[in-house]
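I opened this model to look up its nonpolar cores and its salt bridges. My notes are below.

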Amino acid sequence: MNSKLKIKFLVVGAIATLLTGCQTTKNNKFSEWEQKPLGKSRFNVPTISNVPVTKLEQNERNNGQVQNDKWELACGQGFVTTAHTFDGWFVTQTEAELADEDEFRATFKNTGIVIQNAIPITSNANGKAVGYYGDAKLNDLPNCTVAKFGVRAVRGVKIYDSDRGTIDTIVTAFYCGQSEFNMPRFTQQLSVIDDREAYAAQVNGLPSARCGADGGQADVSSQTAGTDWVSNTKLGTYEGTVDMSWGNNLQDSDLAANISVRDYGGALKFAGPSKDQCNLQFRVTKYDTPEAGTWFANCKAGDFASGDFRVDKTRRLIAEGENDAKDAVEFSLLLPQP
């Protein structure tokens, strides 16, 4: 079995185990899963995931009172599931269980997933959050990440007088793919979609990702070969320099970096704040001139940052964003030309 098929087989099996038993209640059953266009997502997973989202399925109970979404990441190399009640909430006992590290680890006990570390989730861009994420292994696949947490996705008081602001959504995420998944960014930026029509238009603007016959993502080059990004940029790996500003901790206009440029984006490796080793990935979302996209960086000591970038007329990639402490992070590099 090739590596792509092996990853997909193991991940699908693990997530299927996690979902077993959580699609029914004592008196009610959820409808069958139904595949939907990504633009129908109830949460913003397609636009905050740094790896392609390739499939969406949904079901519901009680005429939509309880709603489940399940997103496939990178052709089965990972999944995200949400269980959301739009006019109700989960009991405080559920919050207590999500805040319990032993309960977090027990969730994945029979899946083949081994959690290596558990990092608390205490906030989300929308406000309240509780749970954990961490690095994990699945059998002999070491570079995996997992999360289970609850969030209050709907702001303000709901329709019932007894609403005390507890969580209304439970999220499970798992990824074990060939590129790094930015789980900290995902847990922070996850939110419910208010304007579905506008969001559908935004999702339709994302680059499409096709799944190959081997169960993995089809070569990106077949989708991007004729684009300005590929035509105007020399692809490959080289040593170069980056103009980097990371809050007050790093200001270097000639920072040495290992730079990799690919047809879908690229990566940087450099010594970041306090000489901490950092890995940065960037993904093109607009392939035609002027090209643009998103990026995120993870450092070994725990700092991470994310944001957007654009390419100017001189073929300089200019990126802006912020880290977890809300410090401004900016960098730029001159893209090599063919």
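These entries take the cores, then the charged pairs.

I note that this is a predicted model, where local features need pLDDT of at least 70, side-chain atom pairs count only at pLDDT 80 or more, and totals for chains, interfaces and linings use all residues. Residues are numbered from 1 along each chain as its sequence is written, and side-chain values use heavy atoms, with hydrogens and water left out.

Cores. I took a nonpolar core as a set of buried Ala, Val, Leu, Ile, Met, Phe, Trp, Tyr and Cys residues joined through side-chain atoms within 4.5 Å. Buried is under 20% relative accessible area, exposed is over 50%, and partly exposed is in between (1.4 Å probe, protein chains only). The largest core has 29 residues, and W229, W246, F270, W295, L317 and F331 touch the most other members. I found a second, separate core of 25 residues, which includes V53, L73, A173 and L190.

Salt bridges. I counted 9, each a side-chain nitrogen of Lys or Arg within 4 Å of a carboxyl oxygen of Asp or Glu.

I looked up E60, which pairs with R42 at 3.6 Å between the closest N and O atoms. E60 is partly exposed at 33%, whereas R42 is buried at 7%. R42, E60 and D69 are linked in a network of salt bridges.

R152 and D168 also meet in a salt bridge, at 4.0 Å from N to O. R152 is buried at 7%, and D168 is buried at 0%.

K326 pairs with E322 at 3.2 Å between the closest N and O atoms. Here K326 is exposed at 59% and E322 is partly exposed at 34%.
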